[in-house]
Amino acid sequence: MLDTPNVYPDLSGSGVDRGMIDAAIDVLGVRRLLWACDLTMETGLAKLRALEVIGLSSDDLADVRWRNAARLFPAGTFPRCEGHA
Amino acid sequence: MIDCAAYVGSYPFRQLPHPDPDVLIRVLAREGLGGAWVGWLPAPWQRDPLAANDALFAALEPHRQTLQPAPVVRPDWPRWERTLRDVIDRGARAIRAYPMHWGMGPHDASMRRLALACGDAKIPLLLTVRFEDLRQRSPLDVAGDLTGPHLRALARAGEQVRLVIAGAGRELLEETHWGLTPDEQRRVHWDFAWIWGPPEDQFAHLLRTVGAERFVYGTHWPLRLTQNPRANLDLLPAELRDPPIVDAGSFAR
């Protein structure tokens, strides 16, 4: 994925275990990752909380949590994010 | 509340960030947990558990107020009874065993003897169903998940048996629990780190049917995200909030 910058992986999936988010950020950087929960909401919530303790700046945290998605999806998709991305 | 399913040490199939005792101490504090039963992560893939136990005790020695050893006893090896006595004398709070990794069938006589001996010593036998999801498991990791017949056979071994099962999903838990008598069911506790929350709400379903008193808290650190079980508790429906799950630290010796 490093060589395909138009591909944005999300963090969903119940098999995202410890160390995997850190590794994805190390390789791809915070601007390529999108938070998502897929179907299992407790793993989605756990990943939101895990993002807070792996040493990201508040700016980087915002990128992964919502800002990358707000930049990527068409205008109007996330009305509450309009003007903040 | 303690974490009954933590490890230190390296994992053979994936690089884990700093799986060290001092890091675990900080993680437990961050998660609001008072301590942990800690196993030696490479041990399931080593034939001889003695060296693994020595490494575990040495690693935990500076942190024994918080990190309680859960060493391995392999009951198909000579003098395992002496190993059991030794590790209990050295402060073990639970005994780990890996029958799938040791090629043992559901009715292995030596595992039954170990369960009974642990029961006599009033120490829980801690069994791990899986370390990783099957979808991402290394092709070299061929042990397979612990099965319902294994668990039922051990729960039925005797009145004094106490089992703690880490890493079960709803299917295995129900297959085992509903195949036991009420007395046998009370000999088994489960962690809920691998049980789905919403929208399927399998954890909520099991709290209503099996009962909160059958559950203990386990994180599976350093393999899994420690935030998972807390998120599972926080997403319970309002009527099930703060379920009276059991603190494994209260299991008396």
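**Strand pairing and a helix contact between chains**

Me: Hi! In β2(B), which residue is the bridge partner of V8(B)?

Reply: The partner of V8(B) is W40(B). Strands here are DSSP runs of E with at least two residues, helices are H or I runs of at least four, and both are numbered from the N terminus. The model is predicted, so local features need pLDDT of at least 70 and side-chain atom pairs 80 or more, while totals for chains, interfaces and linings use all residues. Residues count from 1 along each chain as its sequence is written, with chains lettered from A and ligands numbered from 1 in the order written.

Me: Nice. How many bridges join β1(B) and β2(B)?

Reply: Five, in the parallel sense; two strands pair if DSSP finds at least two bridges between them.

Me: And what order do the strands of the sheet take?

Reply: β1-β2-β3 in chain B, an open sheet of three strands with parallel pairing. β1 (2-8) and β3 (67-69) of chain B each have a single partner strand, so one side of each lacks a neighbour in the sheet.

Me: Switching topic: at what angle do α2 of chain A and α9 of chain B pack?

Reply: About 125°, with the axes 8 Å apart. Axes are lines fitted to C-alpha atoms, for helices over the stretch in contact, and angles run from 0 to 180 degrees between N-to-C directions. α2(A) and α9(B) are therefore oblique to each other (under 35 degrees is roughly parallel, over 145 roughly antiparallel, 65 to 115 roughly perpendicular, the rest oblique).

Me: Which residues of α9(B) make the contact?

Reply: Q227(B), N228(B), A231(B), N232(B) and D234(B), where contact puts C-beta atoms, placed from the backbone, within 7 Å.

Key. Contact = placed C-beta atoms within 7 Å.
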